[in-house]
Amino acid sequence: MGDTAALKIPAGLLPRDGRFGAGPSKVRPEQIEALAQAGGSLLGTSHRQAPVRNLVGSIRNGLSDLFSAPEGYEVVLGVGGSTAFWDIASFGLVENKAQHLSFGEFGSKFAAATNKAPFLSASSIIKAEPGTRPQPVAEPGVDVYAWPQNETSTGVAAPVQRVQGADDGSLVLIDATSAAGGLDVDLAQSDVYYFAPQKNFASDGGLWLGMFSPAALERAARINAGDRWIPDFLNLQTAIDNSRLNQTYNTPSLSTLVTLNSQVQWLNTNGGLAFAAGRTAESAGRIYSWAEKSAVATPFVARPEDRSNVIATIDFDDSIDASAIAATLRANGVVDVEPYRKLGRNQLRIATFVAIEPDDVSALLNCIDYVIEHS
Ligand SMILES: *Cc1c(COP(=O)(O)O)cnc(C)c1O
C-alpha cells in the first residue's frame, strides 16, 4: 500500500457520525442537549439533595423497566466503573470460590481478581481461544459463576443462562459492560447483571451499575455481616444502602448521570430492549454479511451464533493492511476501528452500539471498500 493516510474519501461516502469505537461509545446529540439543559440547574448542585437523587431514581426506575426486572431485583450503583466492580464483587459476593470463563481480556481480568484474593480459594478458570468461547461447568464448592455477555476484546457474545447442576444458592454474575442496553437478556437467568455507562448507554465512564437478584442482595448482606475485612470504598453493602436512597457512597459525576438517564429514556421511549437489540442486530448483520461476501475480509468469530451484535471483529487477508485502512479512515474523521491492541491481528473492530445509526455502519463499509480499491 502507498501513502494511504493521504487518501481523501469523497464526502458523499462518509458516515454522518464517524465514531465507531468499542468504548467510549459515540454519544447522541440529544444527550448533549440534555447535558446543556442540566448545565444551568442540576450540574454543580449537591448529590445529597432531591434534584440529583430524583435523577438517580429516574435512572434506577428506567433500568428496571428497560430490563423488565423480575420481582425483588434492585438497581445498585457506585463510583469506579466495571473494573472497580470486579474488586467489589471479589470482596462482597464471592463466598469461597468462583468459576470464570476466560475468552478475552475482560473475562480474564475478573478471573485474576478473585484468583489473587487471599481470603478465597483459587478460582476455577475455564479458558478458550480468542474468537471462541467456553461453557460454564457445574462444580461442587463454586458459589459464583462469572463471564462476560459480550467479550469486547474479541467480539464474542455468550448466552446468559443459569448453570445446570450448580450448587444451590450459587450466583451467576454477568459482565454486561458492553452488552447491557444493546443485547437482549432474561434477567432471571442472572443474579448480578453489571455494566458501566460508556458503551450502549453512550454516557461517560467511571460508574458501575448492577441489576441484583434477591439472592445476590442476601449474599452481600451475609458476607458483610461476617468477619471478612472489606475496604470501605469497595464495600458492596454500603453501595446497596446508598442506592436504596438514590445516592452513591462518594461523589458521582453528575454529567454521567444526566447523559445516562437521557439514553435510558430514549431506549424506553423507542421500544426498550427489543428496539435496542433489533437495531444492533441490524447494524452488525450488515457488517457480517459484507465480510462474508468480501474477497478479502472474513468475520473473525467463526461460529455465527457466537458473533456479537455490538462488536464486530473482521479479519483481513495478507494482501490488505488493516492498520493502514484504520489510519486512512482516521485521517478522514472516521475513528476507533483499530483492533483490540493485545489481540495482534490484521483486523478491524467496529462497534455497533445502539447509539450508532445502521446507515452510518453501511457508510463505513462503503468507505472501507473505497480505501481498499484506491490504495
Ligand atoms: C469496557 C469493558 C470493561 C471495563 O469497563 P470500565 O468501566 O472501563 O472499568 C469491562 N468489561 C467489559 C466486557 C467491557 O467491555
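This is a predicted model: local features need pLDDT of at least 70, side-chain atom pairs count only at pLDDT 80 or more; totals for chains, interfaces and linings use all residues.
Residues are numbered from 1 along each chain as its sequence is written, and side-chain values use heavy atoms, with hydrogens and water left out.

Axes are lines fitted to C-alpha atoms, for helices over the stretch in contact, and angles run from 0 to 180 degrees between N-to-C directions. Helices (H or I, at least four residues) and strands (E, at least two) are DSSP runs, numbered from the N terminus.

Strands β2 (residues 98-102) and β4 (residues 144-148) run parallel and are joined by three bridges. Q99 has Y145 in β4 as its bridge partner.

An open sheet of three strands, with antiparallel pairing, has the order β10-β11-β12. Because β10 (297-299) and β12 (347-351) stand at the edges with a single partner strand each, one side of each is left without a neighbour in the sheet. The twist in this sheet averages 30° from one strand to the next. β10 is joined by three bridges to strand β11 (residues 311-316), and the two run antiparallel; T298 stands opposite D315 in β11. Helix α9 (residues 322-331) lies across β11 and β12 and runs at about 45° to β12.

A cavity is a set of points where a 1.4 Å probe fits but cannot get out, and a pocket is an open set with protein on both sides within 12 Å along at least five of seven lines; lining residues have an atom within 4 Å of a point. Grid points are joined across faces, edges and corners, and a volume is the space filled by probe spheres set on the points.

Two cavities of 30 Å³ or more are counted. The largest cavity holds about 90 Å³ of space. Its lining has 13 residues, with G78, V79, F233, A239 and Y249 nearest the centre. β1 and α6 (236-244) are the elements that give two or more residues to this lining, and the largest share, three residues, comes from β1. The second largest cavity has about 60 Å³ of space, and its lining includes W86, H100, F106, W147, D175 and Y194. Two or more lining residues come from each of β2, α4, β4 and β7.

The largest pocket has a volume of about 210 Å³. Among the 13 residues lining this pocket, A22, G23, P24, K199 and R349 are the closest to its centre.

Notes
Two strands pair if DSSP finds at least two bridges between them. On a 1 Å grid over the protein atoms alone, a cavity is a set of points where a 1.4 Å probe fits but cannot get out, and a pocket is an open set with protein on both sides within 12 Å along at least five of seven lines; lining residues have an atom within 4 Å of a point. Contact means heavy atoms within 4.5 Å.
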